[in-house]
Amino acid sequence: MRLLLVEDNVALADSLCSVLKRAGYAVDWRTDGRDAAVLGEQEPYDLAILDLGLPGMDGLAVLQRWRAAGSSLPVLILTARSRWTERVEGLQAGADDYLTKPFHNEELLLRVQALLRRAHGRVPQALLSVAGLQLDEAQQQVRVGDAEPLSLSASEFKLLRYFMLNPGKVLSKTQLAEHLYDYEDERDSNVIEVLINHLRRKLGREAIETRRGQGYVLVGHAE
């Protein structure tokens, strides 16, 4: 899952980038509201974490621009502003959730997780359960049916989570690369193939089907 972090506090942003990347997210970071507004319109992000007090363009104006353009990008607002009227303004402008600074990283991760699941029609719960698979995002492990949990590499985890949030959908290599890598990463489709083969060895050969000329689809584990 690919996130846009818009935060002009460098120390906080550095810390959040590390926390989010350890949790398996690809993160693009911008400090200026004008840059973020354009990037949010051009790139296929899964979620934006948006500070309100930004140079160039206020976070509220960025959000209003996205919504006016018809974007349904889930947005979690971060702010040091504690007045309830400002929180209401953010929600009225189209924010999906609100987190006031200072906050615990664990709470941020849980809110991001919940927003992503809702955006993909999944009910927020302890484990992501799809097609006979149970994914523990905190431990980055997957359980196939009633078997013992299997550990995943960081890249395997990122790929499987995206498949599980889009079950039954045919996903092309381009789509997968766009949502698994950040703006600066080199997107190698051969790496996607290798990771899919790794997942098949762990989940079963039939868990991920190849649709020739189209991409891949998660079928999962037959109950």
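Before we look around, a word on residue classes: Ala, Val, Leu, Ile, Met, Phe, Trp, Tyr, Cys and Pro count as nonpolar, Asp, Glu, Lys and Arg as charged, and the others, Gly among them, as polar. The model you see is predicted, so local features need pLDDT of at least 70 and side-chain atom pairs count only at pLDDT 80 or more, while totals for chains, interfaces and linings use all residues. Residues are numbered from 1 along each chain as its sequence is written, and side-chain values use heavy atoms, with hydrogens and water left out.

Let us start with the pockets (a pocket is an open set of points on a 1 Å grid over the protein atoms alone, where a 1.4 Å probe fits, with protein on both sides within 12 Å along at least five of seven lines; lining residues have an atom within 4 Å of a point). The second largest pocket holds about 150 Å³ of space, a volume being the space filled by probe spheres set on the points. Its lining consists of Gly 40, Glu 43, Pro 44, Tyr 45, Ser 71, Ser 72, Leu 73 and Pro 74. By class, that lining has four nonpolar, three polar and one charged.

The largest pocket has a volume of about 280 Å³. Of its 14 lining residues, Ala 23, Leu 109, Gln 113, Glu 137 and Ala 138 are the closest to its centre. Helix α5 gives the most to this lining, with four residues (helices are DSSP runs of H or I, at least four residues, and strands are runs of E, at least two, numbered from the N terminus).

Now for the salt bridges, of which the structure holds 14 (a side-chain nitrogen of Lys or Arg within 4 Å of a carboxyl oxygen of Asp or Glu). In one of them, Glu 41 pairs with Arg 65, with the closest N and O atoms 2.9 Å apart. Glu 41 belongs to helix α2 and Arg 65 to helix α3 (residues 59–68), so the pair ties together parts that are 24 residues apart in sequence. Another joins the side chains of Lys 101 and Asp 51 at 3.2 Å, N to O. Here Lys 101 lies in the loop between β5 (97–100) and α5 and Asp 51 in strand β3 (residues 47–51), so parts 50 residues apart in sequence are tied together. Asp 51 is buried, with a relative accessible area of 4% (buried means under 20%, exposed over 50%, partly exposed in between, with a 1.4 Å probe and protein chains only).
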